[in-house]
Amino acid sequence: MRDIITLPGIGGSGETHWQSRWEAADARMQRFSPSSWDRPELDNWIAALDHAVAQSKAEPLLVAHSLSCLLVAHWAARSRHRAGGALLVAPPNPTSPAFPCEAAGFANPPDTALPFPSLVIASSDDPFASLDYARTRANGWGSEFMEIGTRGHINGTSGLGDWPQGRAALAALEARLR
C-alpha cells in the first residue's frame with residue numbers, strides 16, 4: 001500500500017475538513033508541512049512537497065485541495081521526484097475575484113499533462129472556480145474529471161463529514177495504480 005500525502009489549501013484544513021478526518025482515520029496519510037499555511041510561497045510549498053515525497057518508500061498518492069491542486073501542477077513540472085497519482089479536489093481559478101491575493105505566486109499553473117494518473121473533482125457551485133474552469137484544468141493536466149453537484153468549495157463548511165464519495169474516488173484511483 002502506498003503512502004498518501006495530504007496537501008491542504010491556504011489556511012490548512014481544520015478539524016471539520018474531510019482531509020483532517022481522513023488523516024485521523026488512516027495512518028498512511030501524512031500532511032505536508034510548508035512554512036506558512038496563511039502566507040503561501042510557491043517555492044516553499046514545492047520544497048515541502050518534494051521533501052514529503054522523498055520520504056515515501058514508493059511513489060505516494062497526493063490528495064490535494066484547493067490551492068494545493070495548483071501546487072501539484074507546478075511541482076510536477078519542476079521536481080525530479082514523482083507521485084504515483086493525485087486526487088485534485090476543487091482547483092481554484094487564479095483569475096477569479098475570490099482567489100486570495102496572498103496566493104498570487106501560484107497563478108499560471110502549467111497546462112501540461114501530469115506525469116501520473118490524476119482525478120479532478122469539482123462542485124457546480126464552487127465560489128473559487130466554475131465547472132468550466134475545473135474541466136479545462138482537468139483536460140490540460142490529462143486528468144479524469146468528476147462533478148459532484150452543489151458542494152461549495154468541497155471543504156469543512158460543505159457538510160461532507162468524512163466524505164465517503166471522496167474516499168471511494170481515492171480508493172478507485174489507487175486500485176488502478178496496482
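Helix α5 (residues 164-176) has 13 residues and spans 18 Å from its first C-alpha to its last, close to the 18 Å expected at 1.5 Å a residue. The expected span is 1.5 Å times one less than the number of residues. Helices (H or I, at least four residues) and strands (E, at least two) are DSSP runs, numbered from the N terminus.

This is a predicted model: local features need pLDDT of at least 70, side-chain atom pairs count only at pLDDT 80 or more, and totals for chains, interfaces and linings use all residues. Residues are numbered from 1 along each chain as its sequence is written, and side-chain values use heavy atoms, with hydrogens and water left out.

**The buried side of α5**

Which residues of α5 are buried? They are G166, A169, L170, L173 and E174. These residues cover an arc of only 135 degrees around the axis, which puts them on the same side of α5. The arc is that of the directions from the helix axis to the C-beta atoms. Buried means under 20% relative accessible area, exposed over 50%, and partly exposed in between (1.4 Å probe, protein chains only). An α-helix has 3.6 residues a turn, so residues three or four places apart point the same way.

**Salt bridges**

The structure holds 10 salt bridges. A salt bridge is a side-chain nitrogen of Lys or Arg within 4 Å of a carboxyl oxygen of Asp or Glu.

R21 is partly exposed at 33% relative accessibility. D162 is also partly exposed, at 45%.

D43 counts as exposed, at 52% relative accessibility. Salt bridges that share partners join D26, R28, R167 and E174 into one network.

**Nonpolar cores**

A nonpolar core is a set of buried Ala, Val, Leu, Ile, Met, Phe, Trp, Tyr and Cys residues joined through side-chain atoms within 4.5 Å. The largest has 33 residues, and L7, F32, L49, L62, L71, W75 and L88 have the most contacts inside it. At least two residues each come from β1 (4-7), α2, β3 (61-65), α3, β4 (85-89) and α4 (131-141). α3 gives the most, with eight residues. Apart from this core lies another, of 19 residues, including I4, W18, L119 and A169.

What does L7 contact, leaving aside neighbours within four places in sequence? Its partners include Q19, F32, L49, L62 and L71. Contact means heavy atoms within 4.5 Å.

**N155**

N155 is in the loop between β6 and α5. At 17% relative accessibility, N155 counts as buried. Its side chain makes a polar contact of 2.9 Å with that of T157. A polar contact is a pair of N or O atoms within 3.5 Å; within protein, one must be able to donate a hydrogen and the other to accept it, and residues adjacent in sequence count only if both atoms are side-chain atoms. Not counting residues up to four places away in sequence, N155 touches H17, W18, H65 and L160.
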